[in-house]
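Trainee: I have a model open and would like to learn how to read it. Could you walk me through it?

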Amino acid sequence: MSGGPYSPDEFAGAPIESSADFAAVPDAFQRLWTPHRMVYIETGGQPEECPFCIAPTKSDEEALIVARGEHAYVLLNLFPYNSGHLLVCPYRHVPLYDEATAEEIDEIARLTQTAMRVLRTVAGTDGFNIGMNQGRIAGAGIAAHLHQHVVPRWATDANFFPIIAGTKALPQLLGDVRASLAAGWPGVD
Ligand SMILES: [Zn+2]
């Protein structure tokens with residue numbers, strides 16, 4: 001190959017082979033066709049509108065909201081690691097923990113505590129993973145809007161099988177999970 005820019009003339013006189021002759025020739029690679037990924041790539045991986053800003057404008061049932069506070073609210077993760085995987089978000093569209101106000105931090109913390117108690121009472125949760133991914137590079141799916149994960153864990157849950165197999169068995173529908181957690185949530189304090 002020349003180092004210069006591509007020119008069709010470079011290939012003048014080269015033998016032409018039908019691609020059909022290659023179609024069944026195996027190589028070392030498996031191919032997973034993922035055209036749906038193109039939408040993700042073309043939009044920069046972010047939905048056009050922020051789902052954590054839109055959710056509070058909808059009904060609890062539609063947005064899978066479990067509880068609403070004054071500065072923050074709790075909703076089910078649409079893509080749960082486990083049944084009852086909750087997200088605690090400020091209403092304000094702010095990306096980073098150190099940009100949240102003292103009032104937001106305080107309510108996110110208290111809602112997280114309540115989420116633990118409700119999950120323990122309603123679902124017999126044995127343990128929790130709690131945390132925030134800050135920035136896309138750190139794994140935040142919706143990096144632009146702060147959210148704290150509260151992931152319930154059971155001794156008998158699937159552990160890291162989903163990470164290896166890319167598959168998650170979820171025994172409960174999201175609407176049913178929301179209803180049972182909302183019913184177990186204490187009145188606004
Ligand atoms: Zn937002």
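This is a predicted model: local features need pLDDT of at least 70, side-chain atom pairs count only at pLDDT 80 or more; totals for chains, interfaces and linings use all residues.

**A helix, a sheet and a core**

Mentor: Let's start with helix α4 (residues 102-123): its 22 residues reach 31 Å from first C-alpha to last, close to the 32 Å expected at 1.5 Å a residue. The expected span is 1.5 Å times one less than the number of residues. Helices (H or I, at least four residues) and strands (E, at least two) are DSSP runs, numbered from the N terminus.

Trainee: Which residues of α4 are buried?

Mentor: Buried means 20 or more other C-beta atoms within 10 Å of a residue's own, exposed means 12 or fewer, and partly exposed is in between, with C-beta atoms placed from the backbone. In α4 the buried ones are E104, E107, I108, L111, T114, A115, V118 and L119. Seen down the helix axis, they fall within an arc of 140 degrees, so they line one face of α4. That arc is taken over the directions from the helix axis to the C-beta atoms. The face turned away from the buried side carries exposed A102 and Q113.

Trainee: What covers the buried residues of α4?

Mentor: The cover includes β1 (65-68), along with β2 (72-76), β3 (86-90), β5 (148-153) and α6 (174-184). Take I108 as a case: it has 23 other C-beta atoms within 10 Å. I108 touches A72, V88, P90 and Q148, leaving out residues up to four places away in sequence. Contact here means C-beta atoms, placed from the backbone, within 7 Å. I108 and Y73 are 35 residues apart in sequence, yet 7.8 Å apart in space, C-alpha to C-alpha.

Trainee: In what order do the strands form the sheet?

Mentor: Strands pair if DSSP finds at least two bridges between them. Here 5 strands form an open sheet, β1-β2-β3-β5-β4, with antiparallel pairing. The edge strands, β1 and β4, each pair on one side only. From one strand to the next, the twist averages 20 degrees.

Trainee: How many bridges join β4 to β5?

Mentor: Strand β4 (residues 127-131) is joined to β5 by 5 bridges, and N129 stands opposite V151 in β5. There are 3 bridges between β3 and β5, where L87 stands opposite H149. β1 and β2 also have 3, with R68 partnered by Y73 in β2.

Trainee: At what angle does α6 run to β1?

Mentor: α6 lies across β1 and β2, running at about 30 degrees to β1. Axes are lines fitted to C-alpha atoms, for helices over the stretch in contact, and angles run from 0 to 180 degrees between N-to-C directions.

Trainee: Which residues touch the most other members of the largest nonpolar core?

Mentor: In soluble globular proteins, nonpolar side chains tend to be buried together. A nonpolar core is a set of buried Ala, Val, Leu, Ile, Met, Phe, Trp, Tyr and Cys residues joined through C-beta atoms within 7 Å. The largest one here has 24 residues, and V74, L75, L86, V88 and A115 touch the most other members. β1, β2, β3, α4, β5 and α6 each supply at least two residues of this core. Beyond its neighbours within four places in sequence, V74 is in contact with I65, V66, A67, L86, V88, L111 and A115.

Note on methods
Residues are numbered from 1 along each chain as its sequence is written. Two residues are in contact if their C-beta atoms, placed from the backbone, lie within 7 Å.
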